[in-house]
Amino acid sequence: MTSLSLRSRLRHPVAAVLGVAGVLAASVAVTGSPAAAAADELVSTTTFSCQISTFPAYSWDGEITLSAVRPADSTTVTVTASLSQMAGKSPARINDDFTNELRLTLGGAPVTLTGSGHVEAAPNAPFDMPDLTGTFTSSADDLAAVVTGYYFSIPRYAMNGVCTPTANADLGSLTVVEGAPPTASPTPTTTTSATATPSASPSATEPAPSGGTPAKGKATFACTLTIGSEFDYEATISVAGYRAEEGDDVSLVATMSDLPGIAPVPIDGSMDYTLEGDVGGEDATLTSTDDVSAAPMEEVAVADLAGSVAADGDEMEVAVSSFAFDFPSAGIGAECTSPRTVLGTMVVGSEPIAVESPGGGDDSGGGTGGSAGGELPKTGGADSLPVVGLWALALTLLGAAGLLCVPRARRTH
(Lines give C-alpha, C1' and ligand atoms only; values in the text may rest on other atoms or scores of the structure.)
Protein backbone atom coordinates (compact mmCIF):
# COMPACT_ATOMS: atom_id res chain seq x y z
CA MET A 1 0.00 0.00 0.00
CA THR A 2 1.29 3.49 -0.80
CA SER A 3 1.44 6.21 1.84
CA LEU A 4 -1.64 8.38 2.33
CA SER A 5 0.26 11.70 2.24
CA LEU A 6 -1.44 14.05 -0.24
CA ARG A 7 -1.84 17.59 1.20
CA SER A 8 -4.99 18.86 -0.48
CA ARG A 9 -7.72 20.58 1.55
CA LEU A 10 -11.50 20.64 1.08
CA ARG A 11 -12.72 24.12 0.18
CA HIS A 12 -16.39 23.42 -0.51
CA PRO A 13 -18.01 21.17 2.17
CA VAL A 14 -21.26 20.68 0.22
CA ALA A 15 -19.38 19.62 -2.86
CA ALA A 16 -17.27 17.33 -0.68
CA VAL A 17 -20.36 15.55 0.64
CA LEU A 18 -21.61 15.05 -2.88
CA GLY A 19 -18.16 13.97 -3.96
CA VAL A 20 -17.82 11.35 -1.22
CA ALA A 21 -21.28 10.08 -2.08
CA GLY A 22 -20.17 9.77 -5.67
CA VAL A 23 -17.13 7.75 -4.66
CA LEU A 24 -19.03 5.39 -2.43
CA ALA A 25 -22.01 4.89 -4.72
CA ALA A 26 -19.89 4.18 -7.79
CA SER A 27 -18.74 0.73 -8.86
CA VAL A 28 -15.28 0.03 -7.49
CA ALA A 29 -12.56 -1.79 -9.41
CA VAL A 30 -8.95 -2.71 -8.75
CA THR A 31 -6.65 -0.19 -10.39
CA GLY A 32 -3.15 -0.93 -11.58
CA SER A 33 -1.24 -4.20 -11.50
CA PRO A 34 -0.56 -5.68 -8.04
CA ALA A 35 3.00 -6.38 -7.03
CA ALA A 36 4.10 -10.00 -6.92
CA ALA A 37 3.18 -11.63 -3.61
CA ALA A 38 5.91 -12.67 -1.21
CA ALA A 39 6.24 -16.37 -0.42
CA ASP A 40 4.44 -15.96 2.91
CA GLU A 41 1.62 -13.76 1.56
CA LEU A 42 -1.82 -14.87 0.42
CA VAL A 43 -3.30 -12.73 -2.38
CA SER A 44 -6.85 -13.19 -3.66
CA THR A 45 -9.70 -11.11 -5.10
CA THR A 46 -13.18 -11.26 -3.61
CA THR A 47 -16.34 -9.79 -5.14
CA PHE A 48 -18.43 -7.85 -2.63
CA SER A 49 -21.91 -6.35 -2.69
CA CYS A 50 -21.62 -3.05 -0.81
CA GLN A 51 -24.26 -0.77 0.73
CA ILE A 52 -23.27 2.75 1.78
CA SER A 53 -25.76 4.54 4.05
CA THR A 54 -28.90 5.11 1.95
CA PHE A 55 -27.17 5.00 -1.44
CA PRO A 56 -27.81 2.19 -3.95
CA ALA A 57 -25.82 -1.02 -3.56
CA TYR A 58 -22.85 -1.62 -5.84
CA SER A 59 -20.36 -4.37 -6.64
CA TRP A 60 -16.67 -4.16 -5.70
CA ASP A 61 -13.83 -6.52 -6.65
CA GLY A 62 -11.44 -6.13 -3.74
CA GLU A 63 -7.95 -7.63 -3.86
CA ILE A 64 -6.88 -8.77 -0.38
CA THR A 65 -3.27 -9.45 0.62
CA LEU A 66 -2.81 -11.35 3.90
CA SER A 67 0.26 -12.24 5.94
CA ALA A 68 0.59 -13.92 9.35
CA VAL A 69 3.48 -14.11 11.82
CA ARG A 70 3.92 -15.88 15.16
CA PRO A 71 6.85 -15.58 17.61
CA ALA A 72 8.73 -18.75 18.52
CA ASP A 73 7.17 -20.72 21.40
CA SER A 74 3.96 -18.65 21.15
CA THR A 75 0.42 -19.27 19.92
CA THR A 76 -0.40 -15.59 19.28
CA VAL A 77 -0.66 -14.97 15.54
CA THR A 78 -0.57 -11.40 14.18
CA VAL A 79 -2.39 -11.04 10.88
CA THR A 80 -1.96 -8.07 8.52
CA ALA A 81 -4.12 -7.25 5.48
CA SER A 82 -3.97 -4.70 2.70
CA LEU A 83 -6.66 -3.93 0.15
CA SER A 84 -6.59 -2.68 -3.42
CA GLN A 85 -7.39 0.94 -4.22
CA MET A 86 -10.87 2.31 -4.43
CA ALA A 87 -11.62 3.75 -7.87
CA GLY A 88 -11.72 7.53 -8.14
CA LYS A 89 -15.20 8.77 -9.09
CA SER A 90 -15.43 11.87 -6.89
CA PRO A 91 -15.82 15.21 -8.72
CA ALA A 92 -14.36 17.00 -5.67
CA ARG A 93 -11.24 16.53 -3.58
CA ILE A 94 -11.36 14.15 -0.61
CA ASN A 95 -9.51 14.91 2.62
CA ASP A 96 -11.00 12.83 5.43
CA ASP A 97 -10.36 10.36 8.22
CA PHE A 98 -11.22 6.79 7.29
CA THR A 99 -11.67 3.62 9.36
CA ASN A 100 -12.10 0.08 8.11
CA GLU A 101 -12.63 -3.48 9.36
CA LEU A 102 -12.10 -6.83 7.66
CA ARG A 103 -13.72 -9.94 9.12
CA LEU A 104 -12.39 -13.42 8.38
CA THR A 105 -12.30 -16.96 9.60
CA LEU A 106 -8.77 -18.38 9.84
CA GLY A 107 -8.63 -22.11 10.42
CA GLY A 108 -12.31 -21.85 11.40
CA ALA A 109 -11.74 -19.20 14.10
CA PRO A 110 -13.41 -15.77 13.67
CA VAL A 111 -10.84 -12.96 13.39
CA THR A 112 -11.42 -9.20 13.04
CA LEU A 113 -8.77 -6.91 11.55
CA THR A 114 -9.05 -3.13 11.94
CA GLY A 115 -7.40 -0.10 10.41
CA SER A 116 -7.61 3.67 10.34
CA GLY A 117 -5.95 6.54 8.51
CA HIS A 118 -6.47 9.68 6.49
CA VAL A 119 -7.61 9.54 2.87
CA GLU A 120 -6.66 12.30 0.43
CA ALA A 121 -7.30 12.28 -3.30
CA ALA A 122 -7.65 14.72 -6.18
CA PRO A 123 -10.95 14.80 -8.10
CA ASN A 124 -11.56 11.52 -9.94
CA ALA A 125 -8.33 10.02 -8.57
CA PRO A 126 -8.17 6.56 -6.95
CA PHE A 127 -7.08 6.37 -3.32
CA ASP A 128 -5.55 3.84 -0.95
CA MET A 129 -7.34 2.46 2.08
CA PRO A 130 -5.55 1.89 5.41
CA ASP A 131 -3.89 -1.45 6.11
CA LEU A 132 -5.57 -3.61 8.75
CA THR A 133 -4.20 -5.78 11.55
CA GLY A 134 -5.39 -8.05 14.35
CA THR A 135 -4.35 -11.02 16.47
CA PHE A 136 -5.78 -14.39 17.39
CA THR A 137 -4.65 -17.66 18.97
CA SER A 138 -3.55 -20.68 16.93
CA SER A 139 -0.74 -23.24 16.82
CA ALA A 140 -1.40 -24.30 13.20
CA ASP A 141 1.10 -23.52 10.45
CA ASP A 142 -1.45 -23.26 7.62
CA LEU A 143 -4.87 -21.65 8.00
CA ALA A 144 -7.83 -21.79 5.64
CA ALA A 145 -8.78 -18.13 5.09
CA VAL A 146 -12.37 -17.14 4.35
CA VAL A 147 -13.54 -13.50 4.25
CA THR A 148 -16.95 -12.89 5.84
CA GLY A 149 -17.33 -9.11 5.53
CA TYR A 150 -15.71 -5.72 5.04
CA TYR A 151 -16.82 -2.50 6.74
CA PHE A 152 -15.63 1.09 6.46
CA SER A 153 -16.59 4.56 7.58
CA ILE A 154 -15.94 8.24 6.89
CA PRO A 155 -16.92 9.66 10.31
CA ARG A 156 -17.01 13.27 9.10
CA TYR A 157 -20.10 12.51 7.03
CA ALA A 158 -21.39 9.66 9.25
CA MET A 159 -21.14 7.43 6.19
CA ASN A 160 -20.85 3.70 6.87
CA GLY A 161 -20.24 0.96 4.33
CA VAL A 162 -21.19 -2.69 4.64
CA CYS A 163 -19.69 -5.08 2.06
CA THR A 164 -20.84 -8.70 1.86
CA PRO A 165 -18.90 -11.30 -0.15
CA THR A 166 -20.81 -12.64 -3.17
CA ALA A 167 -18.01 -14.59 -4.91
CA ASN A 168 -14.53 -15.93 -4.10
CA ALA A 169 -14.89 -15.55 -0.34
CA ASP A 170 -12.55 -18.53 0.13
CA LEU A 171 -9.12 -16.90 -0.12
CA GLY A 172 -7.04 -20.09 0.15
CA SER A 173 -4.44 -21.24 2.68
CA LEU A 174 -2.50 -18.66 4.71
CA THR A 175 0.95 -19.75 5.91
CA VAL A 176 2.03 -18.63 9.39
CA VAL A 177 5.73 -17.75 9.52
CA GLU A 178 7.89 -17.56 12.63
CA GLY A 179 9.11 -14.15 13.67
CA ALA A 180 8.44 -10.95 15.56
CA PRO A 181 5.06 -9.30 14.85
CA PRO A 182 5.13 -5.97 13.00
CA THR A 183 4.61 -2.76 14.91
CA ALA A 184 0.90 -1.99 14.70
CA SER A 185 -0.58 1.49 14.49
CA PRO A 186 -3.23 1.75 15.80
CA THR A 187 -3.11 -1.11 18.32
CA PRO A 188 -4.69 -4.15 16.67
CA THR A 189 -8.04 -5.52 17.75
CA THR A 190 -7.57 -8.90 19.46
CA THR A 191 -9.89 -11.81 18.79
CA THR A 192 -9.42 -14.97 20.86
CA SER A 193 -10.26 -18.54 19.99
CA ALA A 194 -12.90 -20.46 21.89
CA THR A 195 -10.21 -22.12 24.03
CA ALA A 196 -8.16 -19.03 24.74
CA THR A 197 -8.42 -17.00 27.94
CA PRO A 198 -9.57 -13.46 27.12
CA SER A 199 -7.66 -10.55 28.57
CA ALA A 200 -8.90 -6.97 28.53
CA SER A 201 -8.55 -3.80 30.57
CA PRO A 202 -11.53 -1.58 31.43
CA SER A 203 -11.80 1.72 29.61
CA ALA A 204 -10.19 4.58 31.54
CA THR A 205 -13.06 6.93 30.72
CA GLU A 206 -16.07 4.60 30.71
CA PRO A 207 -15.48 1.41 32.70
CA ALA A 208 -17.91 -1.49 32.79
CA PRO A 209 -18.19 -3.79 35.83
CA SER A 210 -15.54 -6.41 36.71
CA GLY A 211 -13.18 -6.06 33.79
CA GLY A 212 -15.86 -5.50 31.15
CA THR A 213 -15.61 -2.83 28.48
CA PRO A 214 -18.56 -1.35 26.56
CA ALA A 215 -18.69 -1.00 22.79
CA LYS A 216 -19.18 2.64 21.83
CA GLY A 217 -19.70 4.31 18.47
CA LYS A 218 -21.95 6.50 16.35
CA ALA A 219 -24.84 5.69 14.02
CA THR A 220 -26.98 7.92 11.81
CA PHE A 221 -30.67 6.95 11.79
CA ALA A 222 -33.13 8.10 9.12
CA CYS A 223 -36.39 8.58 11.03
CA THR A 224 -39.98 8.87 9.81
CA LEU A 225 -42.78 9.99 12.15
CA THR A 226 -46.14 8.26 11.99
CA ILE A 227 -47.53 11.43 10.34
CA GLY A 228 -44.96 11.11 7.53
CA SER A 229 -42.45 13.82 8.48
CA GLU A 230 -38.76 12.91 8.34
CA PHE A 231 -35.63 13.82 10.31
CA ASP A 232 -32.15 12.46 11.03
CA TYR A 233 -30.98 11.25 14.43
CA GLU A 234 -27.19 11.17 14.78
CA ALA A 235 -26.77 9.00 17.86
CA THR A 236 -23.78 8.19 20.04
CA ILE A 237 -24.41 4.73 21.48
CA SER A 238 -22.65 2.73 24.19
CA VAL A 239 -23.55 -0.93 24.89
CA ALA A 240 -22.22 -2.78 27.98
CA GLY A 241 -22.88 -6.37 29.01
CA TYR A 242 -22.42 -8.73 31.94
CA ARG A 243 -22.87 -12.42 32.67
CA ALA A 244 -23.32 -13.45 36.31
CA GLU A 245 -22.20 -17.05 35.73
CA GLU A 246 -20.64 -19.01 32.90
CA GLY A 247 -23.33 -20.25 30.53
CA ASP A 248 -25.82 -17.49 31.40
CA ASP A 249 -27.28 -15.14 28.81
CA VAL A 250 -25.50 -11.78 28.55
CA SER A 251 -27.50 -8.91 30.06
CA LEU A 252 -27.14 -5.72 28.04
CA VAL A 253 -27.53 -2.01 28.79
CA ALA A 254 -27.39 0.69 26.10
CA THR A 255 -27.10 4.44 26.53
CA MET A 256 -27.94 6.81 23.67
CA SER A 257 -27.46 10.54 23.10
CA ASP A 258 -30.47 12.88 23.11
CA LEU A 259 -33.12 12.89 20.40
CA PRO A 260 -33.22 16.11 18.34
CA GLY A 261 -35.78 18.75 19.32
CA ILE A 262 -38.51 18.67 16.67
CA ALA A 263 -41.73 19.29 18.65
CA PRO A 264 -43.11 22.85 18.16
CA VAL A 265 -45.06 22.68 21.47
CA PRO A 266 -44.27 21.29 24.95
CA ILE A 267 -44.49 17.50 25.32
CA ASP A 268 -45.36 15.59 28.47
CA GLY A 269 -46.02 11.87 28.58
CA SER A 270 -44.76 8.31 28.70
CA MET A 271 -42.34 7.30 25.94
CA ASP A 272 -41.21 3.83 24.83
CA TYR A 273 -37.84 3.20 23.15
CA THR A 274 -36.56 0.21 21.17
CA LEU A 275 -33.04 -0.39 19.83
CA GLU A 276 -32.30 -3.38 17.59
CA GLY A 277 -29.08 -4.88 16.29
CA ASP A 278 -26.83 -7.87 16.88
CA VAL A 279 -24.37 -8.81 19.61
CA GLY A 280 -21.88 -11.62 19.20
CA GLY A 281 -23.61 -12.65 15.99
CA GLU A 282 -27.03 -13.00 17.66
CA ASP A 283 -30.03 -10.69 17.18
CA ALA A 284 -30.62 -8.38 20.14
CA THR A 285 -33.49 -6.07 21.13
CA LEU A 286 -33.16 -3.52 23.95
CA THR A 287 -36.09 -1.51 25.34
CA SER A 288 -36.99 1.11 27.93
CA THR A 289 -39.88 3.33 29.03
CA ASP A 290 -39.66 6.77 30.63
CA ASP A 291 -41.82 9.81 31.41
CA VAL A 292 -40.77 12.70 29.18
CA SER A 293 -41.22 16.42 29.83
CA ALA A 294 -39.70 18.83 27.31
CA ALA A 295 -40.14 22.43 26.19
CA PRO A 296 -40.80 23.28 22.52
CA MET A 297 -37.86 22.37 20.24
CA GLU A 298 -35.97 20.93 23.23
CA GLU A 299 -33.84 17.81 22.83
CA VAL A 300 -35.25 14.71 24.53
CA ALA A 301 -33.08 12.44 26.68
CA VAL A 302 -33.36 8.71 25.89
CA ALA A 303 -33.76 6.41 28.89
CA ASP A 304 -31.14 3.65 29.15
CA LEU A 305 -32.29 0.53 27.32
CA ALA A 306 -31.95 -3.05 28.59
CA GLY A 307 -32.06 -6.46 26.96
CA SER A 308 -30.26 -9.79 26.79
CA VAL A 309 -28.64 -12.08 24.26
CA ALA A 310 -27.78 -15.79 24.29
CA ALA A 311 -24.22 -15.54 22.99
CA ASP A 312 -21.00 -17.30 23.97
CA GLY A 313 -17.60 -15.77 24.54
CA ASP A 314 -16.34 -12.78 26.48
CA GLU A 315 -15.55 -10.49 23.53
CA MET A 316 -18.48 -9.66 21.26
CA GLU A 317 -18.91 -7.37 18.28
CA VAL A 318 -21.87 -5.01 18.74
CA ALA A 319 -23.81 -3.54 15.81
CA VAL A 320 -27.07 -1.58 15.54
CA SER A 321 -29.58 -1.36 12.67
CA SER A 322 -32.81 0.29 13.85
CA PHE A 323 -34.35 2.45 16.58
CA ALA A 324 -37.91 3.45 17.39
CA PHE A 325 -39.78 5.58 19.91
CA ASP A 326 -43.47 5.78 20.66
CA PHE A 327 -46.02 7.84 22.66
CA PRO A 328 -48.67 5.12 23.07
CA SER A 329 -51.33 7.44 24.54
CA ALA A 330 -51.27 9.75 21.51
CA GLY A 331 -50.44 7.29 18.75
CA ILE A 332 -47.34 9.30 17.80
CA GLY A 333 -43.95 7.71 17.24
CA ALA A 334 -41.13 7.21 14.77
CA GLU A 335 -39.35 4.35 13.01
CA CYS A 336 -35.62 4.98 12.48
CA THR A 337 -33.38 2.87 10.25
CA SER A 338 -29.66 2.76 9.54
CA PRO A 339 -27.35 0.48 7.59
CA ARG A 340 -25.90 -2.07 10.00
CA THR A 341 -23.35 -0.02 11.95
CA VAL A 342 -20.62 -1.68 14.03
CA LEU A 343 -20.07 0.15 17.33
CA GLY A 344 -17.02 -1.90 18.33
CA THR A 345 -16.11 -4.88 20.50
CA MET A 346 -17.72 -5.31 23.93
CA VAL A 347 -15.92 -7.21 26.70
CA VAL A 348 -18.44 -8.92 28.98
CA GLY A 349 -18.22 -8.15 32.71
CA SER A 350 -19.42 -10.23 35.66
CA GLU A 351 -21.49 -7.79 37.75
CA PRO A 352 -24.88 -6.14 37.11
CA ILE A 353 -24.92 -2.79 35.34
CA ALA A 354 -26.87 0.14 36.75
CA VAL A 355 -29.66 1.24 34.40
CA GLU A 356 -30.20 4.98 34.68
CA SER A 357 -33.00 7.04 33.19
CA PRO A 358 -32.57 10.72 32.21
CA GLY A 359 -34.56 11.60 35.33
CA GLY A 360 -31.82 10.21 37.58
CA GLY A 361 -33.42 6.96 38.77
CA ASP A 362 -31.54 3.70 38.39
CA ASP A 363 -32.24 0.02 38.44
CA SER A 364 -30.33 -3.18 38.01
CA GLY A 365 -29.89 -4.28 34.41
CA GLY A 366 -32.00 -7.41 34.48
CA GLY A 367 -31.45 -8.22 30.83
CA THR A 368 -35.06 -8.53 29.68
CA GLY A 369 -35.78 -4.92 28.75
CA GLY A 370 -38.58 -2.87 30.27
CA SER A 371 -38.60 0.32 32.26
CA ALA A 372 -35.37 2.12 32.96
CA GLY A 373 -36.85 3.72 36.09
CA GLY A 374 -36.79 7.32 37.25
CA GLU A 375 -39.18 10.18 36.55
CA LEU A 376 -38.61 13.67 35.21
CA PRO A 377 -40.38 16.68 36.73
CA LYS A 378 -43.42 17.60 34.66
CA THR A 379 -43.71 21.01 33.04
CA GLY A 380 -47.14 20.45 31.52
CA GLY A 381 -50.57 20.22 33.06
CA ALA A 382 -51.73 17.54 35.47
CA ASP A 383 -53.11 15.47 32.61
CA SER A 384 -50.42 14.73 30.01
CA LEU A 385 -52.76 13.45 27.29
CA PRO A 386 -54.06 16.89 26.14
CA VAL A 387 -50.47 18.16 25.81
CA VAL A 388 -49.38 15.14 23.81
CA GLY A 389 -52.50 15.47 21.69
CA LEU A 390 -51.72 19.13 21.05
CA TRP A 391 -48.19 18.19 19.93
CA ALA A 392 -49.59 15.58 17.57
CA LEU A 393 -52.08 18.09 16.13
CA ALA A 394 -49.34 20.69 15.66
CA LEU A 395 -47.10 18.21 13.84
CA THR A 396 -49.98 17.15 11.64
CA LEU A 397 -50.65 20.76 10.61
CA LEU A 398 -47.00 21.69 10.14
CA GLY A 399 -46.05 18.45 8.38
CA ALA A 400 -42.70 17.96 6.77
CA ALA A 401 -42.26 21.69 6.08
CA GLY A 402 -42.24 22.54 9.76
CA LEU A 403 -39.73 19.86 10.59
CA LEU A 404 -37.36 20.78 7.78
CA CYS A 405 -37.14 24.38 9.03
CA VAL A 406 -35.81 23.48 12.48
CA PRO A 407 -32.18 22.79 13.46
CA ARG A 408 -30.97 19.24 12.96
CA ALA A 409 -33.66 18.51 10.40
CA ARG A 410 -33.07 15.61 8.09
CA ARG A 411 -30.61 16.37 5.31
CA THR A 412 -31.53 15.68 1.70
CA HIS A 413 -29.15 13.09 0.28
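D278 stands opposite A319 in strand β17. The model is predicted. D278 also belongs to a network of salt bridges, together with E101, R103, E317 and R340. A search of the whole structure finds 6 salt bridges.

- Strand β17 covers residues 315-327.
- β17 is mostly covered, with 10 of its 13 residues buried.
- β17 pairs with strand β14, which spans residues 267-279. The pairing is antiparallel and runs over 8 bridges.
- β17 also pairs with strand β18, residues 332-347. This pairing is antiparallel too, over 12 bridges.
- Which residue of β18 faces A324? E335 stands opposite A324.
- In a regular strand, side chains alternate between the two faces of the sheet.

- The side chains of E317 and R103 meet in a salt bridge, at 2.5 Å from N to O.
- The two partners come from distant parts of the chain: E317 sits in strand β17 and R103 in strand β4, residues 94-106. They are 214 residues apart.
- Are E317 and R103 buried or exposed? Both residues are buried.

**A salt bridge between two loops**

- R243 forms a salt bridge with D314. Their closest N and O atoms are 3.1 Å apart.
- R243 lies in the loop between β12 (230-242) and β13 (250-256), while D314 lies in the loop between β16 and β17.
- R243 has 12% relative accessibility, so R243 counts as buried.
- D314 has 31% relative accessibility, so D314 counts as partly exposed.

- R70 and D141 meet through their side chains in a salt bridge, at 2.9 Å from N to O.
- R70 is in strand β2, and D141 is in the loop between β6 (132-137) and β7 (142-154). The pair joins distant parts of the chain, 71 residues apart.
- Why does R70 count as buried? Its relative accessibility is 10%, and buried means under 20%.
- D141 is partly exposed because its relative accessible area is 47%, between the 20% and 50% limits.

- E276, E282, D283, D312, D326 and E335 form a negative surface patch.
- Among them is E335, the residue opposite A324.
- Where is D312? D312 lies in the loop between β16 (305-309) and β17 (315-327).
- D312 counts as exposed because its relative accessibility is 73%.

- Most residues other than glycine have a negative phi.
- D73 has a positive phi, near 60 degrees, and is not glycine.
- D73 lies in the loop between β2 (58-70) and β3 (76-83). At 87% relative accessibility, D73 counts as exposed.
- N168 is another residue other than glycine with a positive phi, near 60 degrees.
- N168 is found in the loop between β8 (159-167) and β9 (170-178).
- Why is N168 called partly exposed? The relative accessibility of N168 is 49%, and exposed means over 50%.

- T220 is placed in strand β11, residues 215-225.
- T220 has a relative accessible area of 16%, so T220 is buried.
- The C-alpha atoms of T220 and C336 are separated by 9.1 Å. Along the chain, the two residues are 116 residues apart.
- Y58 has its place in strand β2.
- Y58 is buried because its relative accessible area is 6%.
- What separates the C-alpha atoms of Y58 and F48? The separation is 8.3 Å, for residues 10 apart along the chain.

Conventions. Residues are numbered from 1 along each chain as its sequence is written. This is a predicted model: local features need pLDDT of at least 70, side-chain atom pairs count only at pLDDT 80 or more; totals for chains, interfaces and linings use all residues. Side-chain values use heavy atoms; hydrogens and water are left out. Helices (H or I, at least four residues) and strands (E, at least two) are DSSP runs, numbered from the N terminus. Buried means under 20% relative accessible area, exposed over 50%, partly exposed in between (1.4 Å probe, protein chains only). Patches are made of residues with over 30% relative accessible area and no salt bridge: like charges are joined within 9 Å, nonpolar side chains (Val, Leu, Ile, Met, Phe, Trp, Tyr) within 5 Å. Accessible areas come from the Shrake-Rupley method with a 1.4 Å probe; for residues, only the protein chains shown count as cover. A salt bridge is a side-chain nitrogen of Lys or Arg within 4 Å of a carboxyl oxygen of Asp or Glu. Lys and Arg count as positive and Asp and Glu as negative; His and the chain ends are not counted. The place of a charge is taken as NZ of Lys, CZ of Arg, CG of Asp or CD of Glu. Two strands pair if DSSP finds at least two bridges between them.
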